[in-house]
Amino acid sequence: MEIFLNGKKKLLDKKIIFIEDLINAFFKERKGVIIEVNGKLIGKDDKGKVKLNEGDRVEIIQFMGGG
Amino acid sequence: MKNDSTLNIGGRKIKNRFFLGTGKFGSKEIMKRSIEDAQIEIVTVSMRRVDADETGENILNFIPDNTIIMVNTSGARNAAEAIRIARLAKEAAGINWIKIEVMNDSKYLLPDNNETLKAVEILAGEGFVVLPYMNPDLYIAREMEKAGAAAIMPLGSLIGSGEGLEAERFIRIIIDEIQLPVIVDAGIGVPSHAAQAMEMGADGVLANTAVANAEDPILAAIAFSKAVEAGRMAFIGGISGPTGEASPSSPITGFLFGN
C-alpha cells in the first residue's frame with residue numbers, strides 16, 4: 001500500500017501491516033520516536049495494534065536540539 | 001546587602017537566569033555536561049520529523065532530570081503550526097513550557113510578531129507556560145502580556161549572529177514598560193553581552209550558538225551563567241554606570257607635590 005510518511009508518498013512492502021512493522025523496517029535505530037497517524041498520537045503500547053491503511057498520513061517525530 | 005529573589009516564572013523559582021539552547025552541540029555528552037556543570041535549569045529543544053536512515057537517540061535522554069524543558073516551535077511559519085507543535089509536545093511528553101518561535105523568513109530569521117501573538121493567545125488559554133520570542137515592539141509585548149504570556153523574550157540581534165544587543169534601546173523599553181520577566185534571546189555572542197542585558201534590568205538571558213560552538217562548551221556555559229549572575233548583581237546593587245564626566249577617585253587635597 002501507499003502511505004504518506006513525513007509528508008512524502010511511500011510505497012510499503014506487503015509485510016508491513018501494523019505501525020510497529022513500519023518502525024522496525026525504517027526507524028529501528030531511533031529511540032523515543034513520536035508517532036502520529038492521521039493527526040492522532042499513537043502510544044508506545046499501541047504500535048503493535050494499530051493497522052496501517054492506504055493513504056494514511058504518518059508522521060515520525062522526535063525531540064532534537066534547538067535554541 | 002540587598003537580597004535578590006529568584007526568578008519566578010511559570011510557577012517555578014529559578015536560580016540560574018541563564019537559559020541554554022541545546023542545538024548545534026557536536027556531542028550530546030558535552031551538551032549534558034554543559035547543563036550539569038553550569039547548573040542550567042531551563043533548556044530549549046525542538047521537534048522535527050525523523051528521516052528513515054538517521055540513527056540516534058532521543059535528546060531528552062541527555063537532559064538531566066529536574067531540568068525544565070521548553071519546546072521551541074521553530075519550523076512553524078504561522079500560529080497554527082506553532083500551536084500544533086505545542087500540543088504535540090504536551091501530548092507526547094507532557095511538556096507544557098513553550099518558546100513560541102514563528103518565522104517565515106530564512107534570511108534574517110526574524111520572528112513574526114503578529115503570528116506569535118496569535119499563538120500566545122491560544123496556547124496561554126490552554127494552560128501552557130508561554131514564552132514568546134519576539135522582535136522588541138512595545139505594543140505587541142503589551143498584547144502578549146495581556147494574553148497571558150509567562151515572559152517576553154525580545155531578540156538581542158539576529159539568531160546565531162553573536163552580534164550582541166543590537167536592539168538594546170528597544171529592549172530597554174520592554175524592560176521598563178512590561179511587568180512580565182524579560183528574557184533576552186538571540187544574538188548573544190559573548191558573556192559580556194549577557195552581563196550587559198542583565199545590567200539593563202533583564203530578568204534572564206538565553207543563548208545557544210555561543211555555547212555550542214565554543215571550543216569548550218562546558219566552560220562557556222559556566223562563563224555565561226557567571227556573567228548573567230554578575231550582571232544581575234550589578235543591577236540589584238545599583239551600580240550607576242557611565243557618568244560621562246571625569247572625577248578623581250583619590251583625595252584632591254594633601255598632594256605630595258606642588259602647592
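Student: Which residue lies over the face of Tyr133(B)?
Tutor: Lys99(B), at 5.1 Å from the ring centre. Here a charge sits over a ring if NZ of Lys or CZ of Arg is within 6 Å of the ring centre and within 35 degrees of the ring normal. This is a predicted model, where local features need pLDDT of at least 70, side-chain atom pairs count only at pLDDT 80 or more, and totals for chains, interfaces and linings use all residues. Residues are numbered from 1 along each chain as written, chains are lettered from A and ligands numbered from 1 in written order, and side-chain values use heavy atoms, without hydrogens and water.

Student: What sits over the ring of Phe26(A)?
Tutor: The charged end of Lys10(A), 4.4 Å from the ring centre.

Student: New topic. How many aromatic pairs are there over all chains?
Tutor: One. Rings of Phe, Tyr and Trp (its six-membered ring) pair if their centres lie within 6.5 Å; planes under 30 degrees apart are stacked, over 60 edge-to-face, the rest tilted.

Student: Why is the pair of Phe18(B) and Phe224(B) stacked?
Tutor: Their ring centres are 5.3 Å apart and their planes at 15°, so the pair counts as stacked.

Student: Are those two buried or exposed?
Tutor: Phe18(B) and Phe224(B) are both buried. Buried means under 20% relative accessible area, exposed over 50%, partly exposed in between (1.4 Å probe, protein chains only).

Student: And how many residues has the largest nonpolar core?
Tutor: 72; Phe18(B) and Ile100(B) are among those with the most contacts inside it. Such a core is a set of buried Ala, Val, Leu, Ile, Met, Phe, Trp, Tyr and Cys residues joined through side-chain atoms within 4.5 Å. Another core, of 17 residues, lies apart from it and includes Leu5(A) and Val50(B).
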